[in-house]
Amino acid sequence: MDIEAARLKLLKANHQSTKYRLEDNLLKHFPESIERHKGYIKGFEQDMVTLAEHTPKVPQGSELPKDDFRITIKGDTLTDKDNAGAAILEACKEIKNSDPVEIGSYKGFTMYLSYAAFGNEHTLTLKGAMSHTAKLGLDARGNLTRIDNALNGMQGRLQAVQKELENLYNQQAAAKIEVQKPFVQEQELKDKTARLAVLDKELNMSAMRSATAKDTEVVAKRERPSILDSLKQQPPKGTTHSKKIKSEREER
């Protein structure tokens, strides 16, 4: 009974802990995360507008006309992709730490360059409302492709954030339901706790009765006359008779 009551108390403690965590999530985690993801969505949507405004409309299957390519690197506006790629590689040679350094702009986004010694690679970040990064290599034209891919990947990133926001709403709704659920074994715990209290009381009373009986037995033994003591208190045999004979002789 004691073990079962302890098990139920542990289950209730776990239930209470889960409830407190859900309450904290409802009060702080979910509202903050939802607002943060809303901000991400707004930022991606804003950057997609910026990208659309600075991207010429090209018929599907056609290449971008040379005159429509423009990138600014260190104050110079370049329209040739080979020259632009080479200029980016030259800028990389000057960047030797992780602090981002502004090197120009592209399609309405400010470009920052940084270097990671651990991976021995440069990262170009296009900054708008959000940040869009591209890992650079040693291929000049390939780096331009990586930069375009970083910008074109906004739609996929936006969809991923939208899905995360939907999951947050679902988790929040589930938490509101879960936090209202009582401990399903509450009555069983109360019954076993009450029964255990009765048993403890009975055991304590039994122990007290046993102790009282032992104390009474000890006292009874102490109060019972000792045969040995009685014998010690009796006069030796013949003492009274000898005194009587002695007295009669003296009278004579």
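Leaving aside its neighbours within four places in sequence, which residues is Ile88 in contact with? They are Ile71, Ile73, Leu136, Leu144 and Ile147, where contact means heavy atoms within 4.5 Å.

What you have here is a predicted model, so local features need pLDDT of at least 70, side-chain atom pairs count only at pLDDT 80 or more, and totals for chains, interfaces and linings use all residues. Residues are numbered from 1 along each chain as its sequence is written, and side-chain values use heavy atoms, with hydrogens and water left out. The score called pLDDT is the predictor's confidence in each residue, from 0 to 100. The protein chain averages 84, and 77% of the residues score at least 70. Confidence is lowest in helix α7 (residues 239-251), with a mean of 53, and highest in strand β6 (residues 131-135), at 97. Those labels come from DSSP runs numbered from the N terminus: helices are H or I with at least four residues, and strands are E with at least two.

Now for the sheet. It's an open one, built from 6 strands in the order β2-β1-β3-β4-β5-β6, with antiparallel pairing. Two strands pair if DSSP finds at least two bridges between them. At the edges sit β2 (76-78) and β6, each pairing on one side only. On average, neighbouring strands are turned by 30° against each other, direction ignored; the axes behind this angle are lines fitted to C-alpha atoms, for helices over the stretch in contact, and angles run from 0 to 180 degrees between N-to-C directions.

Let's zoom in on strand β3 (residues 101-106). It is joined to β1 (residues 71-73) by 2 bridges: Thr72 is partnered with Ser105, and Ile73 with Gly104. β3 and β4 form a hairpin with 2 residues between them, and Lys107 in the turn has a positive phi of about 50°.

(Rings of Phe, Tyr and Trp, using its six-membered ring, pair if their centres lie within 6.5 Å; planes under 30 degrees apart count as stacked, over 60 as edge-to-face and the rest as tilted.) Phe69 lies in the loop between α1 and β1, 37 residues from Tyr106 in strand β3.

Back to Ile88, which is found in helix α2 (residues 81-94). Why does Ile88 count as buried? Because its relative accessibility is 0%, and buried means under 20% relative accessible area, exposed over 50%, partly exposed in between (1.4 Å probe, protein chains only). Ile88 and Ile73 are 15 residues apart in sequence, yet 7.4 Å apart in space, C-alpha to C-alpha.

Two of Ile88's contacts, Ile71 and Ile147, also stand out in the largest nonpolar core: of its 37 residues, Ile71, Leu126 and Ile147 touch the most other members. Such a core is a set of buried Ala, Val, Leu, Ile, Met, Phe, Trp, Tyr and Cys residues joined through side-chain atoms within 4.5 Å. Among the residues that Leu126 touches are Tyr106, Phe109 and Ile147.
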